[in-house]
Amino acid sequence: MSQTLVQKLTRTKPVESHASPAAGGLSRSIGLFPLTMIGVGATIGTGIFFTMVEAVPKAGPAVILSFLLAALTAGLTALCYAELSFRIPAAGSSYSFAYATVGEFMAFVMAACLLLEYGLAASAVAIGWSDYLNSFLNNAFGWHIPTALRTPMIVSTPNGIAFHMGHINLPPIILVALCCFLLVRGAKESATTNAIMVLIKLAVLIFFVVIAFTGFDINNFHPFFKEAGDKGLLGMQGVAAAAGTVFFSFIGLDTVATAGEEVHNPKRNVPLGILAALGVVTVFYLLVAVAAMGAQPAHLFEGQEAGLAVILQNVTGKAWPALVLAAGAVISVFSVTLVTIYGQTRILYAISRDGLISKSFHKVSERTSTPVINTLIVSVVVALVAGFVDATFLWDMVSMGTLTAFIVVAVAVPVMRRKERALGKYEKGGFRVPFGAYLVPGLSICACAYLMIGLSNTTRLIFAIWMGATVLTYFTYSVRNSRLNKA
Ligand SMILES: NC(=[NH2+])NCCC[C@H](N)C(=O)O
């Protein structure tokens, strides 16, 4: 019996078909610890090394509250992801959640948001890596990478877009190639390499906290809020604005859910992995924020280019701690890029298996059990964007895509529970969002919508164009090739 258009747009994929991957699929090789490290690796990265410089001028010492607010927003979303990943442990993360609940069309829209959240983020993070590498080389050897080889062709200037012919940002391209090499070799190898890099970056942050605490002065916390006479937004308004800035540092926990088909015992490990990663990230960020605030007065943060490194230099009066920190940042951002590209390939894998995009994305190599063609295509696109485009274009689009994805996931929680009840299959046990099906997802939606308000009109316009292209693709290709047509 053929389906009407509305039936096609809202058809959902049965949960059972997510859970048991077909033969010739990905292999289960990742345990709880490396999985948690994937979450921490994807999340702690570029942001924490820089965000204080932008956030403290907005909130003053009350930036501590901004971190708590951002952690709360990220936490509400993480709870939703944890519940859904228990019910739908598939490689596609939020895309698969949407497909099982709000239907095929919304799942495809979600897929387009995820290309921003992962693909574009990978490019943006790789560009950040280039900056750290350069400052590390400069500090260590007094050598700069030549400007034409570390700046993009397409640049944003106060007067609009400018083209610098002959310029290419080479370091991020090399970084993406390295990540591609690792990811093609194997998921387990990549997870192990990642876990090692994560431990190094946590060690570097501990190093920062310990040294910064030796310069701790409680007076730096007075006055706690920005007061009348200060620049910018005051009191809690400043705190909220800074929370929007800090939030970026908390994105990435959902990467845990993209590993759903390569994890041992995913129904237990994926929810646990998300919550454990959230805990680790929150504790580290709060420690860093308190230590940094205690080490210098709030007004010093503004325009402090090298972020945390300068604080160490000021506290100790020596250059080597700053060097250690810069080296840590280089490793840290490497692991963010690696796992973000990993997440993107697994999401495309799931979409391709459902027939909504070309089949080549779910071809898995027999030798390495990794989706080789998929990984190559993703890497080339990520590398090209990173090599030629200015990062300022990218960050806001990443936030827009991510927040939209988070909202759809929150909607999916009550939909999923209802569906299971209706089918008489409500599963007891496992992880469930506390306080009923509506409170946490509802708060999560409000928090995300609030952060979205802060984004620029240009961002919203480009996002609308991107969505237009998505809808076009869906109607010209996906709706006709969906595997559910044959079901
Ligand atoms: N899935 C993602 N968008 N990952 C990118 C996360 C960026 C990370 N929170 C950072 O501060 O560097």
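**Close-up 1. Leu 9 and the residues it touches.** Leu 9 touches Gly 103, Glu 104, Phe 105, Tyr 474 and Phe 475, leaving aside residues up to four places away in sequence; contact means heavy atoms within 4.5 Å. This is a predicted model, in which local features need pLDDT of at least 70 and side-chain atom pairs count only at pLDDT 80 or more, while totals for chains, interfaces and linings use all residues. Residues are numbered from 1 along each chain as its sequence is written, and side-chain values use heavy atoms, with hydrogens and water left out. Leu 9 is found in helix α1 (residues 5-10); helices are DSSP runs (H or I, at least four residues) numbered from the N terminus. Between the C-alpha atoms of Leu 9 and Met 106 there are 7.9 Å, although 97 residues separate the two along the chain.

**Close-up 2. Helices α16 and α17.** The axes of α16 (residues 391-422) and α17 (residues 439-453) come within 9 Å and cross at roughly 165°. Therefore α16 is roughly antiparallel to α17 (an angle over 145 degrees). Residues of α16 that meet α17 include Met 400, Leu 403 and Phe 406; among those on the α17 side are Ile 445, Cys 448 and Met 452.

Close-up 3. Among the residues around the ligand are Glu 117, Tyr 118, Ser 249 and Thr 340 (a heavy atom within 4 Å). One nitrogen atom of the ligand is 2.8 Å from a polar backbone atom of Thr 43. A ligand oxygen atom is 2.9 Å from a polar backbone atom of Gly 47. For Phe 248, a polar backbone atom is 3.0 Å from a nitrogen atom of the ligand.

Key
Axes fitted to C-alpha atoms, helices over the stretch in contact; angles between N-to-C directions. Helix = DSSP H or I, 4+ residues; strand = E, 2+ residues; numbered from the N terminus. Parallel < 35°, antiparallel > 145°, perpendicular 65-115°, else oblique. Polar contact = N/O pair within 3.5 Å; in protein donor to acceptor, adjacent residues only side chain to side chain.
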